[in-house]
Amino acid sequence: MLYKRENGKWYAEFVVDGQRIRRSTRTTNERIATKLYNSWKSELEADGEVTPFRAGEVVSSIKRAATTTHQWDHAVVAWFGDEKVKAKRSIKSDLALAKALHPYLNGVALADIDYIMLEGIQKIFKKRKLQDATVDQHLSFVRRVLRRVSKKERWIQTVPAIPMFNSDNSIVRYLTTDEETRLYAALPESLKAPFLIAVHTGMRTQEIRELRWSWIDFENRHVTIPKEISKNKHDMRKPLNQTALNTILSLRGNHRDFVISYGGKRWKDSFSTRAWYAALKKAGIENFRFHDLRHTWASRLRQKGVPLDVLQELGGWKSPLMVQRYGHLDVEHLHDYAALLDEDRQAESEKVVYLTRKPAKAS
């Protein structure tokens with residue numbers, strides 16, 4: 001039989017040749033304990049041997065089951081202990097994802113994490129009005145962690161299917177000029193400078209937050225973002241238009257080292273504060289992040305005819321694929337190609353007219 005003790009663990013009990021044998025399953029999970037119990041029972045019924053239990057040896061079935069006692073927490077610790085993960089620039093993002101998932105997966109055995117459980121978490125996140133792409137980021141993190149412990153630690157044999165919305169990242173959200181005006185008016189003074197710098201330079205949130213006076217060449221009107229901060233891992237120069245330059249100059253004297261500050265101290269946190277979301281609500285703007293100001297910058301340039309290769313260089317994207325999402329915003333250069341069909345149509349029309357025209361009368 002199978003029974004549970006006060007310590008929460010399940011124990012198996014067998015009677016073989018009049019002798020009672022008890023064995024701990026080493027797990028608090030009833031489903032795992034049941035599988036292990038049935039496995040032991042089958043071995044006993046087939047072989048009639050109880051020596052492994054008497055001697056306290058760990059039989060192969062116990063070895064297999066022992067791996068399933070590892071929990072999500074262990075997998076997360078293993079993930080952040082990996083040297084490659086420690087070197088990731090996005091490790092802070094991983095920490096945030098792990099923190100958000102902790103209430104739902106804390107203490108859960110890896111063997112119990114399946115599609116149904118993750119689908120439930122997916123629904124919970126949706127009820128919290130998270131965007132599909134954001135929910136996908138959380139579940140993608142689960143998949144990466146499980147794949148790692150399956151491959152390296154061998155704690156699980158297979159990785160379960162992961163429910164994903166597969167949100168379309170090619171859809172670009174950007175502000176219209178009217179939305180920009182309304183949002184700027186609704187922003188508190190502390191966010192207006194970061195807002196203008198983002199819209200007029202396309203700098204990423206971290207680049208704006210880390211922006212130092214020593215990076216700026218006022219004479220040549222550009223800022224050099226060092227490779228330690230730049231996402232593409234090499235020094236990057238970004239030109240400053242007059243609006244960006246005037247905005248930066250207006251911040252002189254607020255902080256000795258950093259351009260963006262608050263109350264005399266450098267800005268360390270995200271720009272997506274309560275004040276940001278309050279301004280969005282006041283301006284009547286939905287489904288918009290601070291990072292989307294970068295999309296606004298890129299979309300505006302593309303609409304004004306800036307070639308994609310130039311846009312890629314200005315934005316510091318490594319791959320041309322990253323700027324293809326803005327390709328549909330300018331179709332002026334395609335008009336001449338589309339007109340080629342008009343020429344074919346015109347030629348065909350003239351041919352038809354010629355074939356149906358009555359011969360001219362002889363004079």
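This is a predicted model: local features need pLDDT of at least 70, side-chain atom pairs count only at pLDDT 80 or more; totals for chains, interfaces and linings use all residues.
Biologist: How are α10 and α12 oriented to each other?

Modeller: Two packed helices are described by the angle between their axes and the distance between the axes. Here the axes of α10 (residues 189-201) and α12 (residues 242-249) come within 9 Å and cross at roughly 155 degrees. Angles over 145 degrees count as roughly antiparallel, and the two helices are therefore roughly antiparallel to each other.

Biologist: How many nonpolar, polar and charged residues make up the contact of α10 with α12?

Modeller: From α10 the contact draws on Ala193, Leu196, Ile197, His200 and Thr201, while α12 supplies Thr243, Ala244, Thr247 and Ile248. Sorted by class, these residues of the contact come to five nonpolar, four polar and no charged.

Biologist: Why do the buried residues of α13 line one face of the helix?

Modeller: An α-helix has 3.6 residues a turn, so residues three or four places apart point the same way. In α13 (residues 274-283) the buried residues are Trp276, Ala279, Leu280 and Ala283. Seen down the helix axis, these buried residues line one face because they fall within an arc of 100 degrees.

Biologist: Which exposed residues does α13 carry on the face turned away from its buried side?

Modeller: The buried side of α13 is covered by elements that include α9 (177-186), α10 and α14 (292-303). On the face turned away from that buried side, the exposed residues are Arg274, Lys281 and Lys282.

Biologist: Which residue just after α13 takes a positive phi?

Modeller: The helix α13 spans residues 274-283. Just after α13, a positive phi of about 70 degrees is taken by Gly284.

Key. Residues are numbered from 1 along each chain as its sequence is written. Side-chain values use heavy atoms; hydrogens and water are left out. Axes are lines fitted to C-alpha atoms, for helices over the stretch in contact, and angles run from 0 to 180 degrees between N-to-C directions. Helices (H or I, at least four residues) and strands (E, at least two) are DSSP runs, numbered from the N terminus. Angles under 35 degrees count as roughly parallel, over 145 as roughly antiparallel, 65 to 115 as roughly perpendicular and the rest as oblique. Contact means heavy atoms within 4.5 Å. Ala, Val, Leu, Ile, Met, Phe, Trp, Tyr, Cys and Pro count as nonpolar, Asp, Glu, Lys and Arg as charged, and the others, Gly among them, as polar. Buried means under 20% relative accessible area, exposed over 50%, partly exposed in between (1.4 Å probe, protein chains only). The arc is that of the directions from the helix axis to the C-beta atoms.
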